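Dear colleague,

Please find below the structure I promised to pass on, followed by some notes on what turned up when I went through it.

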Amino acid sequence: MVRDPIGSESTPSAAEICSALDDPDCREIIRNLEEPMTASELTNQCEIPQSTLYRKLEVLTDSTLLEETTEIRRDGHHASKYAVAFDEISIGLDDDQSLTVQIDRPARTADERLAELWSEVRKET
């Protein structure tokens, strides 16, 4: 079951998922994201250089394993926060022996859906 609230999210290929999960830095990021964090917080928590961390965050968000949201701040300096975007990943074979991937995602509150919509609007502007 893949959550697709506004039609922009698609299921990544099994190769993309496996590649992201094969990376030790990506696994370290996922392991440390018990709650949403900014890149700066993750740099301190994971002991991964910031330039490397940003590349790994991009890999994880592109593969839909992490979700990026925008934290709105009164001072206008909004911050991106990252959270794990799955509960379980299953990889299997379909009838023609191709790998398939299924991502089970956590239920979302109205506030979370609104934050996601805001993040999408922000990316477009």
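A polar contact here is a pair of N or O atoms within 3.5 Å, where, within protein, one must be able to donate a hydrogen and the other to accept it, and where residues adjacent in sequence count only if both atoms are side-chain atoms. This is a predicted model, in which local features need pLDDT of at least 70 and side-chain atom pairs count only at pLDDT 80 or more, while totals for chains, interfaces and linings use all residues. Residues are numbered from 1 along each chain as its sequence is written, and side-chain values use heavy atoms, with hydrogens and water left out.

R105 sits in the loop between β4 (99–104) and α5 (helices, H or I, of at least four residues and strands, E, of at least two are DSSP runs, numbered from the N terminus). Its side chain makes a polar contact with the side chain of T64 at 2.7 Å, and the side chain of R105 also reaches the backbone oxygen of A85, at 2.6 Å. R105 counts as buried because its relative accessibility is 7% (buried means under 20% relative accessible area, exposed over 50%, and partly exposed in between, with a 1.4 Å probe and protein chains only).

In helix α1 (residues 14–22), the buried residues are A14, I17 and A20. They lie on the same side of α1, because they cover an arc of only 135 degrees around the axis (taken from the directions from the helix axis to the C-beta atoms). The face turned away from that buried side carries the exposed residues A15 and D22. The buried residues of α1 pack against α2 (24–32), α4 (50–62), β3 (88–93) and β4, contact meaning heavy atoms within 4.5 Å.
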